[in-house]
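Welcome! Take each task first, then follow the solution step by step.

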Amino acid sequence: MSDRLIELYPFFQGGMNEKDQETGNSELVSSVMMRFDAVRRRLSQIGDMHREVVTALRTFKTLKLYTNTKKRVGSVPGVDVGDIFFIRGEMALVGLHAATVDMEFIGVEDSGDREDKQIAVSIISSGKNADKTEDPDSLIFTGFGGTDKYHAQPSDQKLERLNIPLEAAFRKKSIVRVIRGMKDEKRTHGNVYIYDGTYMITNMWQEEGQNGFIVFKFQLVREPDQKPAFGIWKSVKIWKNGLSTRPGLILEDLSNGAENLKVCVVNEVDKENGPSLFTYVTSLHHEVINIRPMVDPCACGRRSCGPKSGSCACVQRNEGGIPYVDGVLVTRGPTVFECGGSCPCYVKCKNKMIQTGLKFHLEVFKTMDCGWGLRSWDPIRAGSFICEYAGEIIPKGDDEEDDYIFDTSRVYKSFKWNYEPELVGEDAMNKVFENISVSSSLVISAKKAGNVARFMNHSCSPNVFWQPISREENGVWCLYIGFFAMKHIPPLTELRYDYGKSRGGGKKMCLCRSKKCCGSFG
């Protein structure tokens, strides 16, 4: 931990009170998660790529920026079944699973027997303890000891240490939180952790393991009436492997091959046979022919821009460095500058994001009461690029009868997403300006021509935000609108953003049903 960071601690004003630390809620959990990921991204951007997680976790623990420290049996306030985590430490910060091993237990007061003084409250099904069956309603958890790393030589597992709390939960019929660890397909190394709800240990036994030594096995069965979580992942995996057709499938690829990933259309609500006809385009079209060049082409000579690309003119325009790290946007700002058409870098340059196509398997689906919507088969990490708002640029005022409009001049609710400079050892005055302001109004219509973004519905509590992105084409800086994940988004969760309010009035009824729903938008 840097001396500079320690010096700034006494002046840090973003702490949490003891009550919020002990017991949280959905807003506190969301805040902790967003603040932590913002710090992690910034640490990666400024060169701490391999230790950013350790540094960020240490900072948050030092400043007590966490919630749900009170250990409990059952659900955790503010954490919903189906929530996802990309780092184990995130689960510790919100109180879902604080142990460094795959089982967490709590002490039991007024217990006469030693075996009853500890009881399991949560497990992570991963690694050597992982379930092999991938049944969405039950799992087999392997016990600890014997053949694991704590013993110099392989031996039989015994009813001791970490196996005692599991046996106590079985004997007392106490529910246990279950987190499933799955390989993250978007990262070479790393898992995605899915909170799969509460389970009951219904059976335990001993059997001979693969190496001939005895191991403990614990069977857990999912409690009824919980929304699907891991079950969704299992279904998506089957669809991707072509082993089963997506239920309600109307069209296999809405883009008709225009996108690098297929975009299916699904209706499980009624008999409507798809959205109204439109021309599918993958990007916003700018007329740049016969326009006087406004910039000098970049001539840094790099094939792939990165954090140390100081000579790249495009990267230099992003004052904090290259805007994307590990495939995600680091900070929101007035404009993000990407490498453009005249740059010598490859297509897969790290400073090219929205121009390289879809990164997730998206589907257009029929909602219950908001027409057609958009969601992803894949888990989406906070800061990930989702799609561009493609369409036609139209004059301001020509959008009165158009329901497929994006207008930068509308009034959008403010929210905090960027990192706090104090948490990365920087001066508090170095905050990145988050309020988006486009010098000239950009109005895009996707009524006649557009892409998947036209199906994204409004929400007063959005999980997606928009970001102006500029890149050079034929010497002219052209503006585009990119959509990014505001938070971690589980598979088959509807993607929604804030439509904003028109400065001239005119409102529509809001049906987003979020806790912050204002009743109208537009």
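**Exercise 1: Cysteines**

Solution. Taking a disulfide as a pair of cysteine sulfur atoms within 2.5 Å, the count comes to zero. Next, look at cysteine 387: its sulfur is too far for a bond, because the closest cysteine sulfur, in cysteine 264, is 15 Å away. Cysteine 478 is in no disulfide either, with the nearest cysteine sulfur, that of cysteine 314, 13 Å away.

Now turn to burial (buried means under 20% relative accessible area, exposed over 50%, partly exposed in between; 1.4 Å probe, protein chains only). Cysteine 387 is buried at 1%, and cysteine 478 is buried at 3%.

A note on the source: this is a predicted model, where local features need pLDDT of at least 70, side-chain atom pairs count only at pLDDT 80 or more, and totals for chains, interfaces and linings use all residues. Residues are numbered from 1 along each chain as its sequence is written, and side-chain values use heavy atoms, leaving out hydrogens and water.

**Exercise 2: Strand β22**

Solution. Strands here are DSSP runs of E, at least two residues, numbered from the N terminus; two of them pair if DSSP finds at least two bridges between them.

1. Strand β13 (residues 336–338) runs parallel to β22, joined by three bridges; phenylalanine 337 has serine 470 in β22 as its bridge partner.
2. Strand β23 (residues 476–485) runs antiparallel to β22, with 10 bridges, and tryptophan 466 stands opposite phenylalanine 483 in β23.

Definitions and conventions. Helix = DSSP H or I, 4+ residues; strand = E, 2+ residues; numbered from the N terminus.
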